[in-house]
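Hello,

Here is the structure for you to look through. My notes follow below it.

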Amino acid sequence: MKRKELESCLQQVDVFEKPKLLLEQYPTRPHIAACMLYTIHNSFDDIEDKLVADLGCGCGVLSVGAAVLGAGLCVGFDIDEDALEICSRNIEEFDLKNTDTIQCDVCALVPERFSNKFDTVIMNPPFGTKHNKGMDMQFLKMALSMSQTAVYSLHKSSTREHIQKKADDWNVKMEVIAELKYDLPASYKFHKKTSVDIEVDFIRFCLK
Ligand SMILES: C[S@@+](CC[C@H](N)C(=O)[O-])C[C@H]1O[C@@H](n2cnc3c(N)ncnc32)[C@H](O)[C@@H]1O
């Protein structure tokens, strides 16, 4: 499948109806989701026939994309039942048999339960910059414990140095695959502009 085809497919995915600020609910735009998944699939062969986890799956744009690209199974984890309801609807509309969802707090998962159970973990985690400082790193720590091969994630570029230090501490190799302009839509009242561009790194992590 071509990247453009994947992108138009992901444009059909329904997104949050009433996004929750505290949970940092903003969907990954189809263009960015398609670029991420296409790279994971074509450059690293980490999707087809693989067991994939999508942490903070929201309405499931990354899960749907991974499933369309031939994941053996993609399991989406999210804390919010409203988001998961939309995600399940999307899965049904795409008639996907290779996806599942689990409602849970990713930060409270028992690491041993899912330890090394997945080949690949993909995620666009909460950036954890306000009330929930450090949330992105909690997601990353959990993702690394779950994956046997690689974790693909989005993080604010301004935190790159901090993430690199953590990766070194955890003995994890970190590669910035792309620097993206992430257009955060003005979904919340405190956003004055219609969208705000923030610089985001698309990163691949794997054990050294
Ligand atoms: C930035 S959104 C990304 C949504 C989706 N993955 C996407 O790419 O469109 C972050 C997601 O993390 C979920 N989330 C926030 N805190 C969570 C937690 N503690 N445990 C599980 N999911 C959480 C939110 O409900 C939201 O769906």
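By class, the shell around the ligand holds 13 nonpolar, 5 polar and 3 charged residues. Please keep in mind that this is a predicted model.

Which residues come nearest to the ligand? They are T28, G56, D78, D105 and V106, out of 21 residues around the ligand.

The side chain of Q25 has an N or O atom 3.0 Å from an oxygen atom of the ligand. C57 takes part through its backbone: a polar atom there is 3.3 Å from a nitrogen atom of the ligand. G58 also uses its backbone, with an N or O atom 3.5 Å from an oxygen atom of the ligand.

How much of the ligand does the protein cover? On its own, the ligand has 590 Å² of accessible area, and the protein covers 99% of that.

Now the site itself. The ligand takes up the space of the largest pocket. Two elements give two or more residues to the shell around the ligand: α3 (61-68) and α6 (135-146).

Last, the chain as a whole. It has 7 helices and 7 strands. Along the sequence they follow the pattern α-α-β-α-β-α-β-α-β-α-β-α-β-β. Along the principal axes, the C-alpha atoms fill a box of roughly 40 × 40 × 30 Å.

Best wishes

Methods
Residues numbered from 1 in each chain as written. Predicted model: local features only at pLDDT ≥ 70, side-chain atom pairs only at ≥ 80, totals over all residues. Heavy atoms only, no water. Near = heavy atom within 4 Å. Polar contact = N/O pair within 3.5 Å; in protein donor to acceptor, adjacent residues only side chain to side chain. Areas by Shrake-Rupley, 256 points an atom, 1.4 Å probe, with all protein chains shown as cover. 1 Å grid on protein atoms, 1.4 Å probe; cavity = no way out; pocket = protein on both sides within 12 Å on 5 of 7 lines; lining within 4 Å. Sits in = over half its atoms within 2 Å of the grid points. Helix = DSSP H or I, 4+ residues; strand = E, 2+ residues; numbered from the N terminus. Nonpolar A, V, L, I, M, F, W, Y, C, P; charged D, E, K, R; others polar.
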